[in-house]
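Me: I'm new to this one. Could you walk me through how to read it?

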Amino acid sequence: MKNQEVLLVNKSKFSDCVIQQRPIGTLNEGEILLQVDKFALTSNNITYAVVGHQIGYWNFFPAEGDMGIIPVWGFATVVETQHAEIEVGQRYYGYYPMAAHLKVVPVKNSEHGFIDGVEHRRALPPVYNFYTRTTQDSLYSLETENLLCLLRPLFLTSFLIDDFFADNDFFDSQQIILTSASSKTALALAHLMHHRKKEGKSKVQLVGLTSPRNKKFVEASGYYDKVLVYADYEQLDASLNSSIVEFAGNHQLQYQLQTHLTTSLKHNCLVGIVHWEAMRGEEKLPQKGTFFFAPTFAQEKQKLWGRAAFNSKMEGAWRQFIGDASDWLNVQELQGAERLKAVYLTMLAGDFDAKDGYVFSF
Ligand SMILES: NC(=O)c1ccc[n+]([C@@H]2O[C@H](COP(=O)([O-])OP(=O)(O)OC[C@H]3O[C@@H](n4cnc5c(N)ncnc54)[C@H](OP(=O)(O)O)[C@@H]3O)[C@@H](O)[C@H]2O)c1
């Protein structure tokens, strides 16, 4: 039986990780084997581990005992098939393990893709179980594969947050404060909101909060009206109606922002937890905030607009964004499980350059 390399992570101690050889297994009737060609690793994947138990991210690609497999977004090619309609060589964008292969049970197969119908994934959000066929994907092009791995799920989130704020008249905000303003998801949102302003569709000031080492990078994006380092949060104008879009998930920062802005805080949108080691704290927060879960909003909007209209709106915005993103994003293509493990550990510690985007192949 053939083996494959997999990066296993301890579900309670994320710095404890190991590359393991695991059997691929043989195919049953109706199954296919995908070879993972490439995938991206960003802090979003670290967050999958941080909230793995609450949201179920450990359940996509189960492992034994205390160890788990973090999901990643990427491309894979069918290398073996026992499915009547799916042939060797077909390629799919979707959710993969940090591994060389994935065995799936395609159901509801069409020219657009299929759903992995394997039992243990059935209760998980459908957005994560769908595999998009590259030949029918309006966002796909060979030249933008790395950007699709790195930015597509993050951009989709930001596209939905921007739409959510517009639907709610920006919660009457005069300024929107984005924490971890250097993260790709925050930059995508700032890009969309900046363009809305340029088109005269909003007057909201965009403020980015970031760490000292990323300040210049965030300013250079040109998306924010003002960029402050975390320690300078008191420079935020507390007399303006404000919203926070929270990517840092830093308890102390939340406390500082809430107690500084007090009643001018109109909406506190909780999206990410990149400062995962600082997510808990002693101070009682005046308000909890509202969690924004992209898969739920995606499902709602697809239903409301229809799939075709949703895709076409997203496509226009995506093309504009990736045109811009290539100015600030430094894509690094890396090979092998050992490099993956090393980058994973530096990303976990937050010890990487915000401009870098890592794409791996085994
Ligand atoms: N709710 C949803 O549906 C949804 C969907 C997509 C993404 N998200 C979340 O959005 C967040 C951003 O993800 P991303 O992939 O865009 O991030 P990314 O580009 O990898 O973010 C990099 C930035 O995050 C901060 N950072 C990362 N690790 C850190 C650490 N260990 N300690 C301190 N700071 C750290 C730094 O920013 P600063 O110096 O600026 O703080 C760093 O420049 C994630 O938490 C992700 O899960 C949520």
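Predicted model: local features only at pLDDT ≥ 70, side-chain atom pairs only at ≥ 80, totals over all residues.

Me: Let's begin with domains. Which stretches does the domain assignment give?

Reply: Domain 1 is listed as 3-140 + 329-361, and domain 2 as 154-295. Their C-alpha centres are 29 Å apart.

Me: How many residues of domain 1 are in contact with domain 2?

Reply: Eleven from domain 1, meeting twelve from domain 2. On the domain 1 side, six of the touching residues are nonpolar, four are polar and one is charged.

Me: Now the sheet. In what order do the six strands run?

Reply: The general idea is that strands of a sheet pair through backbone hydrogen bonds, in a parallel or antiparallel way. Here the order is β13-β12-β11-β14-β15-β16, an open sheet with parallel pairing.

Me: Which strands stand at the edges?

Reply: β13 (226-229) and β16 (290-291) do; each has a single partner strand, so one side of each has no neighbour in the sheet. For β13, look at β12 (residues 205-210): the two pair in parallel over four bridges. Within that pairing, glycine 208 sits opposite valine 227.

Me: And the core? Which residues touch the most other members?

Reply: In general, nonpolar side chains of soluble globular proteins tend to be buried together. In this model, the largest nonpolar core has 99 residues, and Leu178 and Ala190 touch the most other members. Helix α3 (residues 145-167) gives the most to this core, twelve residues. Both domain 1 and domain 2 supply at least three residues each.

Me: What does leucine 178 touch, leaving out residues up to four places away in sequence?

Reply: Its contacts include Ala190, Leu206 and Phe247, and also Gly208, the glycine that stands opposite valine 227 in β13.

Terms used. Residues numbered from 1 in each chain as written. Domains from an automatic or database assignment. Contact = placed C-beta atoms within 7 Å. Nonpolar A, V, L, I, M, F, W, Y, C, P; charged D, E, K, R; others polar. Pairing = 2+ DSSP bridges. Core = buried A, V, L, I, M, F, W, Y, C linked by C-beta atoms within 7 Å. Buried ≥ 20, exposed ≤ 12 C-beta atoms within 10 Å, placed from the backbone.
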